[in-house]
There are 2 protein chains.
Amino acid sequence: MGSNEDDKDPELTPPPVEPPTGSGDGDGNGNGGGLSEGWGLAEEGQHRIGEPDVPALEDRADVTQEIRAVAESRGDDSNVVDLPLLGGEEAPAPRQPTAPGAPEPVEPLSPDELRDAWPFLDLHERSDGLLILPREEAEDFFIALTPEDQAALLRHWRPGLRRQWLRMLEPDDVADVIQALPEEERTGMFGLLDAPTRKEVQALLAYEEDEAGGLMNPRYARLRPNMTADEAISYLRRQARTRVETIYYAYVLDAQVKLLGVCSFRDLFAADPKKTVAEIMETDVVRVNDEMDQETVSRVFAEHDLTVIPVVDKDGVMKGIVTVDDIVDVVQEEATEDAQKFGGMEALDMPYLQSTWKDMLTKRGGWLAILLIGEMLTTTALGYFQKEMEASVYLSMFMPLIISSGGNSGSQGSTLVIRAMALGEVRIRDWWRILGRELITGLALGLFLGTLVFLRVLVWGAFGTYGASYEILAVTIGASVIAVVTFGTLAGAMLPFVLRSFKLDPASASAPFVATLCDVTGLIMFFTIAKLILTGILL
Amino acid sequence: MGSNEDDKDPELTPPPVEPPTGSGDGDGNGNGGGLSEGWGLAEEGQHRIGEPDVPALEDRADVTQEIRAVAESRGDDSNVVDLPLLGGEEAPAPRQPTAPGAPEPVEPLSPDELRDAWPFLDLHERSDGLLILPREEAEDFFIALTPEDQAALLRHWRPGLRRQWLRMLEPDDVADVIQALPEEERTGMFGLLDAPTRKEVQALLAYEEDEAGGLMNPRYARLRPNMTADEAISYLRRQARTRVETIYYAYVLDAQVKLLGVCSFRDLFAADPKKTVAEIMETDVVRVNDEMDQETVSRVFAEHDLTVIPVVDKDGVMKGIVTVDDIVDVVQEEATEDAQKFGGMEALDMPYLQSTWKDMLTKRGGWLAILLIGEMLTTTALGYFQKEMEASVYLSMFMPLIISSGGNSGSQGSTLVIRAMALGEVRIRDWWRILGRELITGLALGLFLGTLVFLRVLVWGAFGTYGASYEILAVTIGASVIAVVTFGTLAGAMLPFVLRSFKLDPASASAPFVATLCDVTGLIMFFTIAKLILTGILL
């Protein structure tokens, strides 16, 4: 079924690839045996002649040196990554003898060098770099790439190579790759899968990318309740050779595939061999619903300190498992999205260096334009205070100071609430408890900052900087700072609740958004206070 | 050694507790058997009389109802957590019969209800809530708490209870708890551990909390290279009953405890039973150094898609393992720290709702004061432009609009670079590539926003809002926005590099910090441009 393209170029497509049980099984040791034996790129370079995807033998040294140069130009960044430590023991000893005829012996490329250079390589260089790695390392490298990078490479490769690498991925990863492809190429990629995988992938594609069903792997180890521990172990032993993601947690299902319980391999192993699975299993299983949002799934992992969670549908039918290593990616992704929204832009949804000009301009320009239009209200507001501005230039001189203190305190309030919401510490109904806390905090901070500003105006004023009535000016400005900081703190803290109750992302209560809000209201507060205090004196 | 407190109140301290192999083994199913049999709180309430930690039988209903009320007051927050799904099957059926004599039958408290109410409970209520849970669930709940919460509960409990619960934790968790205790109570807590654990914990405490050594668990499964697969499996079977965190990855060590390789249990299981471990093991092991920063460790996990990584010292001696479930916490923690710094405050280092007034005021007030002092420079700068401000009030009216557009675009630039750095996509030496990108982006965004503002001034000006020379005013303001946005974008993007090269946290290039920088420079740019263009016209 899935192998009807084999006849096109038989010598290029290796025999149908069984998914590797080592590196490709996703159980995370990343060091599995994989297909290393079947791979003979270095030794059998001649078979590859005419296949454009794989760099010819004599080019390997060039490719290596090019990539190495890029990697080195980025520096060690010793603050962050201690490179020599990451690569294990593969360091200097050449892992494969340079074939005779190669121009000069160049130390083979290491995966770490390729990883370093990756963001700055084009697609050709990436493909070349990957394909000259020792096969086993290339597999691990490929599996750890983002779905977007995987999709780009697969599209770049010829069908033979494409099939081989695609089949190395677990169904959940295949589903992600397919979603990263342009609509019109999806069917073609589907055709490269074997029939059972294709069915699994299709089932996964029915889910949204960001819900539990879109994260899960449908290949899990299963047991029947009436097996003995001994039977269960040998049954798992058989499953270990197949495609299940992990045999360390086996799920006990009834005839309707409903989840009855879970057995850790360790428990089975330690149990009396004659006991049944039903006696050994834990029935109180933490599970997630297949339509649950991935952010919630990550919170369930964190709250229960789990490594694997089963996914069930609304009838309790087992659908797959989500493993914690996928959750690390989810958490990073959500944190990045929130950070970017908080920074006042749309979430980029891709690595910064891989974004296009179009992404940069639309995702940043849109929000900036909205904020600018909001900020135009400051000009409108100031139009109403033109008389006061003309009467005393000192008010204008303190304007930026006053409005920014509101924005700054609002930015603190909103970041605290947004993070607390993201971590599940705070919910909508808690808003009034936060209101109380932030009201007191805001007042205290306002008094503190107001006093600072008051003193500054007094001291400078004593030297004649702010005219004759500088004492009363100091009071006006100090009072305005108190009002603006208190309001800013409260507005920043409450805005995420408002957004959330309108089903919007609380992270959109960004620092620039809060600052704009505080600018407009701050100006109105400032000039109103100034009018109240200074009329007849300065105004 | 570690049990010399047993004689104090013998009936209160249960027999020395072996660490549970199920729920407490940290291997993540969270559903293990644990000590359930040995626990008899509900049934044997009478033994607890006089022990103030455990709520008396007749109070259980009250405690349950109080906690339930708090949980319910927080609402379902259906956007986020689908509560009924999280608890597995424990839902309505009462799990333990109410003892005769209890005032009225109340449905027992569920862990989810307790988790919901947790942030708003005081220490007594937390302790009561935890202790009335069924033992097995209480254990899971306790293990999943933060070290700070664990430490607070342990301090609250009497020695008997304290010892029992402390011993349930893995050594790495014990080390975290000890670090969360006040200095003077650490020795006492140490005394409650058995001698081998005490030694393990002491070794862990030699590391910083945020380095690999502080994250690792020293209890890992080990093998010798010359064992056969069969011998290895039965050796692991013995280790499975002891305290190792996971038997699914076993580390092959030489006589000097140097790491030779890793065997997944699955590989051993699938291998020819007569093969030796040396033949089966992977020698190319991704490892981390014991002094590596936890942020880097999390990046190694992400880059290699691993679930367990061995920790070695600089001589290659195996020290312990780090598991990915700990990394989820690290990633969340780092993201929260970065978000809070970016929001313009010191990292809170604790859940928002658990922070004290002192934390709130010092961690927020300090930065606000610094920013305020920075912002005072705007007033100073405007002092130099007093003449221009008096000559045309319109300049002052557009001041907030212009300076804020710099702050907003700077905030975008810095959030992008900070996140890209946190994810390891961008390093210090890449600064000039970012400079190029951001220069072009900044110019493009500046042109776009400048045009918008230009048009706005023209249109309003046509209605006479901005006096007679409104066209030239429009040009001035448009040009200023272009300059300010370009500068803001660049400054925001470069500031994280500057901070990083001074070994400061790039996340301190916060939105308020960038905004303040842009306010000061923006004003100078604006009034300089205005002077150049408008002298002789408006000025």
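This is a predicted model: local features need pLDDT of at least 70, side-chain atom pairs count only at pLDDT 80 or more; totals for chains, interfaces and linings use all residues.
On the side of chain A that touches chain B, the largest share, 20 residues, is supplied by helix α19 of chain A, which covers residues 393–422.

A salt bridge joins the side chains of A:R115 and B:E303, with a distance of 3.9 Å from N to O.

## Extent of the interface

Counted by residues, the interface brings 158 residues of chain A into contact with 159 residues of chain B. Counted by area, chain A and chain B bury about 14900 Å² between them, and 57% of this lies on carbon and sulfur atoms. Within chain A, the residues that lose the most area to chain B are A:R266, A:F269 and A:R427, which together account for 6% of what that side buries.

## How the two copies are related

What rotation superposes chain A on chain B? The rotation is one of 180°, with 0.0 Å of shift along its axis, and the superposition has an RMSD of 0.0 Å. This is the relation of a two-fold axis. The same surface serves both copies, since 100% of the contact residues of chain A recur in chain B.

Definitions and conventions:
Residues are numbered from 1 along each chain as its sequence is written. Chains are lettered from A and ligands numbered from 1 in the order in which they are written. Side-chain values use heavy atoms; hydrogens and water are left out. Contact means heavy atoms within 4.5 Å. Buried area is the accessible area (1.4 Å probe) that two parts lose on being put together, summed over both. A salt bridge is a side-chain nitrogen of Lys or Arg within 4 Å of a carboxyl oxygen of Asp or Glu. Helices (H or I, at least four residues) and strands (E, at least two) are DSSP runs, numbered from the N terminus. Copies are superposed by least squares on the C-alpha atoms of residues with pLDDT of at least 70 in both.
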